[in-house]
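Thank you for making time this morning.

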Amino acid sequence: MTTASRRRVRRQGRRDGGVPAPLLVPAAVAVVFLVLPLVGLVVRAPWSDLGAQLTDPRVGEALRLSLETATLATLLSLVLGVPLAWVLARSRARGRAVLRALVTVPLVLPPVVGGVALFLVLGRRGLVGQYLDQWFGWTIPFSTTAVVIAETFVAMPFLVISVEGALRAADARFEDAAATLGADRWTTFRRVTLPLIAPGVAAGAVLCWARALGEFGATITFAGNFPGTTQTMPLAVYLALQSDPQAAIVLSLVLLAVSLATLLLLRDRWLGRAGAGP
Amino acid sequence: MLLRTRLALTTAAVLALTSCGGSSTGSTSAGSSSAGSSSASAGGDLSGTLTVFAAASLTEVFGELGDQLEAENPDLTVQFNFAGSSALATQLTEGAPADVFASANEQQMTVVTDAALAEGTPTVFTENVLEIAVPPGNPGDVIGLADFADPDLTLAVCAAAVPCGAAAQAVFADAGITPVPDTEEEDVKAALTKVQLGEVDAALVYATDVQAAGDAVEGIEFPEAEQEVNSYPIAVLAAAPNADAAQAFVDLVRSDTGQQALEAAGFRSP
């Protein structure tokens, strides 16, 4: 079945509107399962404390740090991850399966272990870090840079997998056509492949950003926890939970609201346009 | 006799304690079987599952004592939930089923007693003091608490929200020192890990953590620690599904056997 005819079939199915019962029931269960914990947070939230929490400068600081580091981690993941996804999907090099397994290791690695692993490489006694320290006097742990590195380590595989999927689903004949018309491979990638997979890249970036925003284990291990430098919202939530569970609920809701608002805004402005593509 | 001698040596004695703690381990386990069989839990008639919620710092000692209770009562299974005291207190107030709660400070025990979840009054069964942990060789040349005000050193303390952080804050306040930490760790083991990895020059942890880390870290005692002695209360919970076993475990912890095991791990008798 060609892409065009597949698309026609999908359009027709959409027009019918009805959802088959075997799909409807599990879908409804899934919605309840995913949304109920959220309802729990909203119900138990001490709404009267909300004002005091929101005006607490430390909360603003943690929120700003979270948004900045997650965005930087996403940009870094885009710059490094999209080319990696291309290599995984398009190159014919041997050992691609092994490579794919290796780059998705952070998905299954407990994030705290990831944080320790980053220490062993980039710490001031790490494989690479000891030279950074000796030669340049540059130590990465306990800095905002460390937060971005930890978040990128954990979140980039989400982007790579999404983009690789998009590349595999994209019609390679457009690239072939560009090549026959004389475009070199880099021009083809820029002018043909990238626009084709833009929705996949956008979806991957959103997934990556969301994962980076919620990152806890690798960050608190590798970057530590210091207000203003490395204390992101998930760390602030965890520590609030130790002393003041009510405040932790409020902080969680703030993080949730901000991330939902950002994603919805992006969807309208960016994904909406990409979705209206070919 | 040995015990009394040890208690008499208060401040500069933890290192000495460390060395004789090693030699007393043998006598602890040797003495444990006799003390255990004469204790209230003797007879081996306890059965079912005993669930103990205990502060993370008690992991090693309570594990040993749990094994001992199981050995004496073949039908009994002892389950532990080791975590930060405040996390445990939250779990208990949220309805987690447990028989015994041992907290690393009185504040978190109060959370549980205020919710009327404890049976009777909790008793303090052991004490712990802060100590400075440095990587082997002490690369930052740390000598005392005042070094925590040195901006050139990489330093870890616990976050104020967790017990070791609250104690650290109080010690710094007493000593009139304004610390400049690079990280406020989420629990004491995380702070210790950073010392073990050599990523910080010093961390403020408990004497027991230094003891547990063995050769991986060096401990530096400081006199200001005496200002902030941490008391560990233990209580049988009101809704304990296995109240008999719970009481037997609390008795074992408070017995000579339990106290010797705690001392070997760097704790002090109250």
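I will begin with aromatic rings and then turn to the contact between two chains.

Please keep in mind that this is a predicted model. A search of the whole structure finds 13 aromatic pairs over all chains. The rings of B:F62 and B:F125 have centres 5.9 Å apart and planes at 35°, so this pair counts as tilted. The pair links distant parts of the chain, since B:F62 sits in helix α3 and B:F125 in strand β4 of chain B, 63 residues apart, and both residues are buried.

How are the rings of B:F125 and B:Y232 arranged? Their centres lie 6.2 Å apart with the planes at 85°, so this pair is edge-to-face. Here too distant parts of the chain are linked, with B:Y232 in strand β10, 107 residues from B:F125. B:F62, B:F125 and B:Y232 belong to one aromatic cluster, which also includes B:F80, B:F82, B:F249 and B:F267.

Now to the contact between the chains, which takes 20 residues from chain A and 23 residues from chain B. The area buried between chain A and chain B is about 1900 Å², and carbon and sulfur atoms give 53% of that area. On the side of chain A, A:R124, A:F142 and A:Q242 supply 36% of the area buried against chain B, more than any other three residues.

There are two salt bridges between chain A and chain B, and in a salt bridge the side chains of B:E94 and A:R44 meet at 3.1 Å, N to O.

Terms used: Residues are numbered from 1 along each chain as its sequence is written. Chains are lettered from A and ligands numbered from 1 in the order in which they are written. This is a predicted model: local features need pLDDT of at least 70, side-chain atom pairs count only at pLDDT 80 or more; totals for chains, interfaces and linings use all residues. Side-chain values use heavy atoms; hydrogens and water are left out. Rings of Phe, Tyr and Trp (its six-membered ring) pair if their centres lie within 6.5 Å; planes under 30 degrees apart count as stacked, over 60 as edge-to-face and the rest as tilted. Helices (H or I, at least four residues) and strands (E, at least two) are DSSP runs, numbered from the N terminus. Buried means under 20% relative accessible area, exposed over 50%, partly exposed in between (1.4 Å probe, protein chains only). Contact means heavy atoms within 4.5 Å. Buried area is the accessible area (1.4 Å probe) that two parts lose on being put together, summed over both. A salt bridge is a side-chain nitrogen of Lys or Arg within 4 Å of a carboxyl oxygen of Asp or Glu.
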